[in-house]
Amino acid sequence: ALLPEKDVHLTEDNRLVTEENQARLLNRFGYYWNMTKPVLLEKSPTNAMISRLLEKMINLKVEGDSRVKFLFITRHPLANAMAHKKWKTCKTMPIPLLVANWVSVMSYMMEDVEVLHDAK
């Protein structure tokens, strides 16, 4: 990632893991989700760097198995970099830097897959 790991790779030990923030998170996305369905989907690419935080937040006060499952789908690093070039904030960034960002994000994700309760 383009920022230091402590700023972007958020885990279950982060200070943001609170019951208040759990409620805020669920209320924010609950607007978009059909809560009568057995599967709720959120597909933001940044979740690859905060999956452990999300798992902990959603499972606060839950005993037994995790209620969260993760399916990570990735793009080719060059396709990812080219897509980022369309964003105003990334327009002037060189392709090698954007590919290096992809590599960092993927390394966080692969590290987290080993810790998450159910990730593929």
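Here is a friendly conversation about a predicted model of a protein chain.

Colleague: Thanks! Which element of the protein chain has the highest mean pLDDT?
Modeller: Helices here are DSSP runs (H or I, at least four residues), and strands are too (E, at least two), numbered from the N terminus. Among the elements, the lowest mean, 89, belongs to α2, while the highest, 95, belongs to α4.

Colleague: Let's look at α3. How many of its 12 residues are buried?
Modeller: Buried means under 20% relative accessible area, exposed over 50%, and partly exposed in between (1.4 Å probe, protein chains only). The buried residues of α3 include N47, R52 and I58. Contact means heavy atoms within 4.5 Å, and what covers these residues includes α1 (5-8), α2 (19-30) and α5. Helix α3 is mostly covered, and the number buried is 11.

Colleague: What does helix α3 span between its end C-alpha atoms?
Modeller: The expected span of a helix is 1.5 Å times one less than its number of residues. For a straight helix of 12 residues that would be 16 Å, yet α3 (residues 47-58) spans only 13 Å.

Colleague: Is Q22 buried or exposed?
Modeller: Q22 lies in helix α2. Leaving aside neighbours within four places in sequence, Q22 is in contact with M57, I58, L60 and R67. With a relative accessible area of 13%, Q22 is buried.

Colleague: Now the charges: which residue forms a salt bridge with D112?
Modeller: A salt bridge is a side-chain nitrogen of Lys or Arg within 4 Å of a carboxyl oxygen of Asp or Glu, and the structure holds 4 of them. In this one the closest N and O atoms are 3.0 Å apart, and the partner of D112 is R52. D112 lies in helix α5 and its partner in helix α3, so the pair ties together parts that are 60 residues apart in sequence. Both residues are buried, and the partner asked for is R52.

Colleague: How many residues apart are K69 and D118?
Modeller: Their side chains meet in a salt bridge, at 2.7 Å from N to O. K69 is in the loop between α3 and α4 and D118 in the segment after α5, so the pair links distant parts of the chain. K69 counts as exposed at 61% relative accessibility, whereas D118 is partly exposed at 22%. The separation of K69 and D118 is 49 residues.

Colleague: And the rings: what is the angle between the planes of F29 and W33?
Modeller: Rings of Phe, Tyr and Trp (its six-membered ring) pair if their centres lie within 6.5 Å; planes under 30 degrees apart count as stacked, over 60 as edge-to-face and the rest as tilted. By this rule there are 3 aromatic pairs. F29 and W33 form a stacked pair, 5.7 Å centre to centre, with their planes at 25°.

How values were computed:
Residues numbered from 1 in each chain as written. Predicted model: local features only at pLDDT ≥ 70, side-chain atom pairs only at ≥ 80, totals over all residues. Heavy atoms only, no water. pLDDT = per-residue confidence, 0-100.
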